[in-house]
Amino acid sequence: MAEPVKLMVVGCGGRGRGYARYVKEHPEEARIVAVAEPDDFYRNQTADEHDVPENRRFRSWEEAVRVPKLADGVMICTQDAMHEEPAIAFAGLGYHILLEKPMAPTPESCRRIVAAVKAAGVMFGVCHVLRYTPYTTALKKLLNSGAIGEVVSIQHLEPVGHAHQAHSFVRGHWRNEQESSFMLLAKCCHDLDWLNYVMGGGCREVQSFGFLKYFNRAHQPAGAADRCLDCPAVVEYNCPYSALKIYLRDQIDRNYTGWPVNVLTTDTSREGVLRALREGPYGRCVFACDNDVVDNQIVNLNYSGDRTVAMTMTAFCDDGGRQTRIFGTRGCINTDSNVIRVTDFLVNRRYEIDTNVSNDGSIVSGHGGGDGGLMQAFVAALASGDRSKILSGADESLESHLMVFAAEKSRRTGQVIKMD
């Protein structure tokens, strides 16, 4: 029996720990042999779970690249702006790389990463997990069979969700472009990559409009405080974005301590969460934060063959799955990322394909099983040497990232951007 693939985790936040969990649950396939993480708690928590020895618990990726190669591959799950340097460094040492999306916050950085992994000859995958879901596999098979003829246009909705927007993009790590990246790159490079995958590539032009409409001082209710704990009850109880509602009434008071509560603090008791809301960024009023990313955006794509795509990203919805309508010359599809509802024009037939994947609330089972599917594919590629198992390689990911950058340029300039 072949030896398990040896992996290093760089960045033991939610994503890094989630992917490491897959390894823990599949010890016959892979094992974690080293971790790199500046936070003592998360570094040791992850290392303890995987029996990583003390001399392989690094405080930074810089420490990890100073020692001889320890693993077959590395999972780089640091913050968005902290991808380029470790990716290039680990590629130079011969590590195969799984890189959290987005690749990097600028086109130049993305191109340098791609150049480095190609020069090194290592296998490389970006965590575009939507490509790896059973839903996407079934949808691609259906489209490739000609079930609805030639795809002419797509309408796609990315429902970020009001609570998710408040948590991640108003109060959280991705709220400010200088600290992370612009909204479309942080949240929707998933979606543009998936749309490009479904369309088979060939994007010619990009146009976008987007705004920070609501989460600003102009919409702070009269009498509201800058922290939810200080807000008058009559104001706080009437705010759907209240931190007390999102983290306490909707989570802790219902005995739930997973995401997003566990992002606030390692002490997920009621007292611990209250302390975090009092002292940390997640207790701030959503109308009094230093956020500058948009809360609604549309992207229009013009593809070769006179095909079109329209995508909407919005905070102002429930936290449901992505919704897509695909219009073809022979039929059409309406889907909620689980059930594919097909209409065949020729025979006036309607039928459904249910691809629902059970979700236990963990990161690995998230994205409709795509996170687990991604890990399975990456580990299998390293074990077999078969690069084709990685669906989101360097060229594919660079193409869709450049579409995202073009969309943001269009949003800022009002121009239609032509793709190379």
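Author: Let's start with terms: two strands pair if DSSP finds at least two bridges between them. Helices (H or I, at least four residues) and strands (E, at least two) are DSSP runs, numbered from the N terminus. The model is predicted, with local features needing pLDDT of at least 70 and side-chain atom pairs counted only at pLDDT 80 or more, while totals for chains, interfaces and linings use all residues. Residue numbers run from 1 along each chain as its sequence is written, and side-chain values use heavy atoms, with hydrogens and water left out.

Valine 206 stands opposite isoleucine 417 in β15. That strand, residues 417-418, runs antiparallel to β8 and is joined to β8 by 2 bridges. On the β9 side, β8 (residues 203-211) pairs with β9 (residues 296-303), also in the antiparallel sense, over 8 bridges. Phenylalanine 211 faces asparagine 296 of β9 there.

Zoom out and you get an open sheet of 9 strands with mixed pairing, ordered β14-β13-β12-β11-β7-β10-β9-β8-β15. β14 (349-354) and β15 are at the edges with a single partner strand each, so one side of each has no neighbour in the sheet. Elsewhere in that order, β11 (residues 323-328) and β12 (residues 331-335) pair antiparallel over 4 bridges, and threonine 324 has threonine 335 in β12 as its bridge partner.

On a 1 Å grid over the protein atoms alone, a pocket is an open set of points with protein on both sides within 12 Å along at least five of seven lines, a cavity is a set where a 1.4 Å probe fits but cannot get out, and lining residues have an atom within 4 Å of a point. Points are joined across faces, edges and corners, and a volume is the space filled by probe spheres set on them. The second largest pocket holds about 340 Å³ of space. Its lining has 14 residues, and Arg111, Leu402, Ala406, Met419 and Asp420 are the closest to the centre. α5 (107-120), α14 (394-413) and β15 each give two or more residues to that lining, with α14 giving the most, 6 residues. Sorted by class (Ala, Val, Leu, Ile, Met, Phe, Trp, Tyr, Cys and Pro are nonpolar; Asp, Glu, Lys and Arg charged; the others, Gly among them, polar), the pocket lining comes to 8 nonpolar, 1 polar and 5 charged residues.

Follow α14 and you meet α8 (residues 183-199): the two helices pack at an angle of about 125°, axes 9 Å apart. That makes α8 oblique to α14. For scale, angles under 35 degrees count as roughly parallel, over 145 as roughly antiparallel, 65 to 115 as roughly perpendicular and the rest as oblique. Axes here are lines fitted to C-alpha atoms, for helices over the stretch in contact, and angles run from 0 to 180 degrees between N-to-C directions.
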